[in-house]
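Me: I would like to learn how to read salt bridges and helices in a model. Could you take me through them step by step?

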Amino acid sequence: SGSIASPDVKLNLGGDFIKESTATTFLRQRGYGWLLEVEDDDPEVRRSAVWSLRTLNQQRAIDLLVSLLNDPDYGVQYATAIVLVTDFRDNRAAPFFADRLTHEHAHMRSTAVASLGLVGAQQYIDDIHNIMLNDADRYVRLACAVALIDMGYTKDDIPESIISKFLTHDD
C-alpha cells in the first residue's frame with residue numbers, strides 16, 4: 001500500500017497560469033468549489049462559502065459550518081451562526097449567541113436571544129429570564145418572550161415575578 005501523488009493541472013486564467021491539483025479541478029468542475037473557499041485567505045470568500053453551504057442539507061456541510069464558528073473573522077463567525085440557527089436549527093451555534101447576550105447593541109442582544117430560542121438552548125433559560133427582567137430595551141425583552149415561546153414555554157411555565165415585572169417595566 002502507498003499513495004500516489006496527484007498530478008498538477010495548469011489553468012489559464014487571463015494569461016496567468018495557476019497550478020491546481022487534479023482533485024481541486026475535479027471539485028470545481030462538479031460545483032463543489034465552495035469546499036475550497038472555506039479555507040481561502042480572504043474572509044469575503046469564506047463568507048460566500050458559508051452562504052453556499054446553507055443550500056446543502058448534508059451533515060458534512062453542517063459540520064463544516066460548525067468549524068467556521070472559530071474562524072478568525074467575526075463576519076464569517078456571525079454569518080455561520082445565523083445559517084446554523086435559521087437553516088439547520090443547530091444548537092452548536094448557541095455558545096456564539098450566548099456570548100452576545102450582554103452585547104452593547106440592543107439589536108445584537110435581541111438576535112442572540114431569538115437565536116437561542118430557535119435552537120431550544122435550555123441551558124441559557126436563566127440568562128433569558130434575567131434579560132427579560134432587566135434589559136433596558138423593550139424589543140430585547142420582547143425577544144425573550146418569543147424565545148421562551150419558541151422553546152415551548154407557556155405563561156404558566158414562567159415565574160409570576162418575571163411576568164409581572166416584564167409587563168410593568170418602564171421604558
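This is a predicted model: local features need pLDDT of at least 70, side-chain atom pairs count only at pLDDT 80 or more; totals for chains, interfaces and linings use all residues.

Reply: Residues are numbered from 1 along each chain as its sequence is written, and side-chain values use heavy atoms, with hydrogens and water left out.

Me: What pLDDT does the chain average?

Reply: pLDDT is the predictor's confidence in each residue, from 0 to 100. The chain averages 80, and 74% of the residues score at least 70.

Me: How many salt bridges does the structure hold?

Reply: A salt bridge is a side-chain nitrogen of Lys or Arg within 4 Å of a carboxyl oxygen of Asp or Glu. The structure holds seven; one of them joins D71 to R46, with the closest N and O atoms 2.6 Å apart. D71 sits in the loop between α4 and α5, whereas R46 belongs to helix α3, 25 residues apart.

Me: Is D71 buried or exposed?

Reply: Buried means under 20% relative accessible area, exposed over 50%, and partly exposed in between (1.4 Å probe, protein chains only). D71 has 7% relative accessibility and therefore counts as buried.

Me: What should helix α5 span?

Reply: Helices are DSSP runs (H or I, at least four residues), numbered from the N terminus, and the expected span is 1.5 Å times one less than the number of residues. The 13 residues of α5 (residues 74–86) should therefore span 18 Å, which agrees with end C-alpha atoms 18 Å apart. Among the buried residues of α5 are V76, I82 and L84.

Terms used. Helices (H or I, at least four residues) and strands (E, at least two) are DSSP runs, numbered from the N terminus.
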